[in-house]
Structure formats: structure tokens, C-alpha cells
Amino acid sequence: MLIKNARVIGKDGLFELCVEEGLLASGCKKDGSIFDAEGRLVVPGFVNPHSHLGYSVTLRYGKPNQSGTLHEGIIRNLEDVIPKLTCDDVRRRLKKITTLMFVNGVTHVRTHEPFMNGLMYKVHKAREEIPLDLQVVAFPTPGVYRYEIEEEFRKASLMADVIGMIPHGERTFMEGVESVKLAFSLAKENNKMIDGHVDETDDPNSRFTEEVVKEAIRNGMGEKVTISHMTASHSYDSWYFDKLMSMMVSSKVNVVSNPIVSMHLQGRYDSYPKRRGVARIRQMMKAGINVALGTDNIADMIYPLGEGNMLRVAQEAFLVDHFVSEEIYSLMNMITWNGAKAMSLNNYGIGEGRKADFVVLNARSIYEAIRSALPPALVVYGKHYVVNDLKFSIDGNDVTGLVENLTD
Ligand SMILES: [Zn+2]
């Protein structure tokens, strides 16, 4: 396949990209298909480092979440939904939800899966059939000590790519600290990465991030460690947060924020005014911490909406954390390279000889892409690709493509 008139991110001018046998090659066979990008922007495949695909699109398996809280969502998931998810069901839904993400330009996903009722194993087994790259996290929700599932956790960490944790979900502060230590010991034993649900509350006294950072420094594992959510940081006082950020910078840990779902879940116990309850993305980015963005839940007991559109996630981060317009380029980094770094992806990016892994956006600039959050015109990952027929773009001045595509 030849992609002509492509505006490749970070380069001036228009280029031809050639995909042969799933790789980016220097020259194309003449009889292959041709896609005219018409000057659209080409970026590496989007990276979504935080999701829960095993129970995505499961609203019909239980009664709707009445309070809208994370607590009720977790309990409904564990009691009503997960016990009903058969191998067949997981396989079918995983294929559909990953295809939906792929159509939205996502080529790499990390999913946090509870191993209770075997869900993590079912997802692991089904991942061979999907169009994108998937990492599976052994997620001991709602708490490894709280549910007394340490043995199951040890077993699950042998198969998972990444070790999870949820220290704020444990019964006591001390158990939370113990759960952080357990995650690090399992990661070291099995040579795995770590990605925890950490401080996903509005409680300013939820301070497990510092424990994770300390362990990352002691074990020299910072780049392999991701702190997901960290919504309590929204409520920390600034003196404490400044100290915490300096530890985070020196530890080299990654942070993943999920602004859309955090906006839905946090602040639920506030009366007006309600806190935003999203991690301090912009401050951490400015301090030099590797911050990436994820979708988190899609159409489940915890969040009933969502479709895997990473440009929409970037847009939400822009809104919720008071970004200014000249910082928009950094949001594109957060849904591409920063996510790739958090997931320790090797050979990520657009380059000759590499696996084809890119998105032709329905936009000619980063500004236009994030402003409009339109689905891409073409997505390619190895031998998989999808063309979205309706190609159009909207910049600050004009709408192109829509009227030309209108049929009577
Ligand atoms: Zn999550």
C-alpha cells in the first residue's frame, strides 16, 4: 500500500509512505493500493495505556450504577457482571472493543483485569485474535488483602505482562503499604512491569504515590513503574505536592491520567462546588514527569459512555486542567510517545524497516486534530488496516471534504 501526500509529524513537506508485508518499506510495488492523504497529518498509532477491556460494553449484565460512585461500580462489576462473563463472551467482546479502538487510531493498549472468576485468563487467551497490541495487568481489585486473594495474585502474576495494585482499596493504610511492597516483590521475582491504581480518591490523605515512588527508587525500577489515576493529587496541598513531584522526577516513574472517567467519578461526595478530581497533569508535565493519558472504562458499571477516541481524551485533559493553546502539542505526545514510554514499547514510531504503525488523521495539524477529535481517515498496524470512507477536516477557518462527499 502506498500512502501519498502524507504530512508526517515532526517533518516539513509531504511524503510517501510505503507498507509492504506489514513493514514500512522504502519503495512500493506498482500494483498495490494507493491512499491519497491529501496533506493530512500522519502520527504514530495512538497508545491507550489504561483500560478495562474484559468488562467493557457490559451494561446489560447488571442493574445501572445508582450512585455513580467508583465504589458501587466496582462492587456491581465483581458481584453482577464478572461472574457472567464466559470465555466465548469475553472473546467476542474483546474483538469488538479492540476493533472500535483500532478504528479510532489506537494500536497499543494496556488493560487492567481482575483475575477473580478467571477474567484475566480469558482476556489473555483471547488476545491472539485482535488487531492491536495488548498488555495485560494482573489487577487485584478491590484489594489483595481486603479480599484475601494473595495466592491467586501470585499465580496471576506469572501470566500477566504487568503487576497491578490498588493500595487505597485495602482495609487499612498499613495493608495498603504492604500491597505496594507485594507488587514490587512480584514484579522483581517475575521480571515484570508495574502499573497500579494509586490514590484514585478525592481524599487528600490518600498518599500511596509516595510509597510507590520510594519503592521505585529503592529497587531502581522507575521507568518500569506507572502510577495510574492519582486523582487525590488534585486535593493535596501545594507544599506536599511539590515535594512529591521532586521525588517523582528523580525516580523516573510514569503517570497515566484518565481525565474523562475521573471527571465522571470524582467529586461524588462533594456538595457544590464540586472538585474536578483529576490528577495534576499539567503541573507534572511541566516538572518533566512522563505523563500519558488513557480511556479507562468504556460502557460498563463504572462509566456508561466512551468509545476509545484518544483525541477526545486529550481534549478533555486540555479542558479540565486549564491547558493553554500553545501546549496542545504536548497533549499529542501524551497519547503517543509518552504512552509508549509508560508501556516500555520498543521500536515505537514511524521509521523505515519498522512495523507499520501509524494513523492518517482527518486533520492537517496537531491543533486541528485535537480541536475536532474526528476519527482518523486511515489506521495501519502491521498487516491490519482500516479506511474510514468519509474523509473530511475542519480547521479554524474552513470545513473541507464534507460537501464533496454528500450524495443526493
Ligand atoms: Zn482503571
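Predicted model: local features only at pLDDT ≥ 70, side-chain atom pairs only at ≥ 80, totals over all residues.
How many of the residues of strand β6 (residues 46-51) are buried? Residues are numbered from 1 along each chain, following the sequence as written.

**View 1. Strand β6 is mostly covered.**
Here's the count: 6 of the 6 residues of β6 are buried. "Buried" has a cut-off: 20 or more other C-beta atoms lie within 10 Å of the residue's own, whereas 12 or fewer makes a residue exposed and anything in between partly exposed, with C-beta atoms placed from the backbone. The strand labels come from DSSP: strands are E runs of at least two residues, helices are H or I runs of at least four, and both are numbered from the N terminus. β6 pairs with strand β7 (residues 106-114) in the parallel sense, over 4 bridges. Two strands count as paired if DSSP finds at least two bridges between them. Look for S51, whose bridge partner in β7 is T111.

**View 2. Eight strands make an open sheet with parallel pairing.**
Strands of a sheet pair through backbone hydrogen bonds, either parallel or antiparallel. In this sheet the order is β6-β7-β8-β9-β10-β11-β12-β13. At the edges sit β6 and β13 (290-293), each pairing on one side only. Strand β12 (residues 254-257) runs parallel to β13, and 4 bridges join them.

**View 3. Helix α5 crosses helix α6.**
Two packed helices are described by the angle between their axes and the distance between the axes. For α5 (residues 173-190) and α6 (residues 209-219), the axes come within 10 Å and cross at roughly 30°. The crossing is right-handed, meaning that the near helix is turned clockwise from the far one by less than a right angle. On the α5 side you'll find V177, V180, K181, F184 and K188, and they meet E211, V212, E215 and N219 of α6. Residues are in contact if their C-beta atoms, placed from the backbone, lie within 7 Å. The residues of this contact split into 4 nonpolar, 1 polar and 4 charged. Here nonpolar means Ala, Val, Leu, Ile, Met, Phe, Trp, Tyr, Cys and Pro, charged means Asp, Glu, Lys and Arg, and polar means the others, Gly among them.

**View 4. Helix α3 is mostly covered.**
In α3 (residues 119-126), 6 of the 8 residues are buried. They are L119, M120, K122, V123, H124 and A126. What do these buried residues pack against? The answer is α2 (87-103), β7, β8 and α4.

E148 is exposed, with 9 other C-beta atoms within 10 Å. Elsewhere, the bond from Y272 to P273 is cis, with omega near -5°. You'll spot P273 in the loop between α8 (259-265) and α9 (281-287).

**View 5. Two domains touch.**
An automatic or database domain assignment gives the bounds: domain 1 is 2-45 + 350-405 and domain 2 is 48-342. Taken over C-alpha atoms, their centres are 30 Å apart. Across the boundary, 17 residues of domain 1 are in contact with 20 residues of domain 2. On the domain 1 side, α13 gives the largest share, 4 residues. That side divides into 13 nonpolar, 3 polar and 1 charged.

Methods. Axes fitted to C-alpha atoms, helices over the stretch in contact; angles between N-to-C directions.
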